[in-house]
Amino acid sequence: MLNYMIRDIKIQKNYLYFLPVLIVFLLFMKTPVNTIIAVAMVYIPVNAVYLLAKSNINHFDLTLPIARKDIVNYRYISTIVYAIFGGSLFALIFKIIGFDVSLLDLEFALQLTLWLSIVFFPLNFALTTEKALLISVYVVFSLFMLQAVFFGYAVENIQQLDKSDNPFTLMIHLGFVLACVLFAVTWLLSLFIIKRKDI
């Protein structure tokens, strides 16, 4: 697993410089801090998978003398590892420069990361990475916007998650629990898909 993580970092070392630029742009656009942290959480794993697909290494991995389940397990485990590391790092940076970041903000950010993974990984192993990424972004963004519009919650609710009277807070907790369950379910689904995938 460590070798795979090193490879993920190496293939996108030039792209990692873009992440701080993206973060600054999101701050300039007054994006909620917890949403920015979610972007930081998901940037490395999704970017790595996309670049690996462009170089056809994902296909090459399936020909190696390693169990296919290890490839799937690595993708799911590394997503959590990158999310926790990236989220904690940027949360600390935001704290240092004066932003108010709560544990609930991190829960919200991790939930968005999990939802993207839930949609993306099964599609990635079943279809092409490009199609999986495109579908995942549209699905997760659409669900998020529908939730906001249908329940009448706007950006200010996301910016004030730590307030006890915020009705959006309960939804974050319920959504996080559901995301954790579905993350495990799609992990098993991805194992099922990759086992039967033709090289």
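Q: Which residues do ring pairs link into a cluster?
A: In this predicted model, where local features need pLDDT of at least 70, side-chain atom pairs count only at pLDDT 80 or more, and totals for chains, interfaces and linings use all residues, ring pairs link Tyr 76, Phe 120, Phe 121, Phe 125, Phe 183 and Trp 187 into a cluster. Residues are numbered from 1 along each chain as its sequence is written, and side-chain values use heavy atoms, with hydrogens and water left out.

Q: Why is the pair of Phe 90 and Phe 94 called tilted?
A: A search of the whole structure finds 8 aromatic pairs. Phe 90 and Phe 94 form one that is tilted, at 6.4 Å centre to centre and with 50° between the planes. Rings of Phe, Tyr and Trp (its six-membered ring) pair if their centres lie within 6.5 Å, and planes under 30 degrees apart count as stacked, over 60 as edge-to-face and the rest as tilted.

Q: What separates Phe 90 and Phe 94 in helix H5?
A: Because they are 4 residues apart in helix H5, Phe 90 and Phe 94 are separated by about one helical turn; helices are DSSP runs of H or I with at least four residues, strands are runs of E with at least two, and both are numbered from the N terminus.

Q: Why is the pair of Phe 183 and Trp 187 called edge-to-face?
A: The ring centres of Phe 183 and Trp 187 are 6.1 Å apart and their planes stand at 75°, so the pair is edge-to-face. Phe 183 and Trp 187 are 4 residues apart in helix H9 (residues 168-195), and therefore about one helical turn separates them.

Q: How do you know whether Phe 183 is buried or exposed?
A: Buried means under 20% relative accessible area, exposed over 50%, and partly exposed in between (1.4 Å probe, protein chains only). Phe 183 has a relative accessible area of 7%, so Phe 183 is buried, whereas Trp 187, with 22%, is partly exposed.

Q: What makes the span of helix H5 close to the expected one?
A: Helix H5 (residues 68-96) has 29 residues and reaches 42 Å from its first C-alpha to its last, close to the 42 Å expected at 1.5 Å a residue; the expected span is 1.5 Å times one less than the number of residues. Just after H5, Gly 98 takes a positive phi of about 110°.
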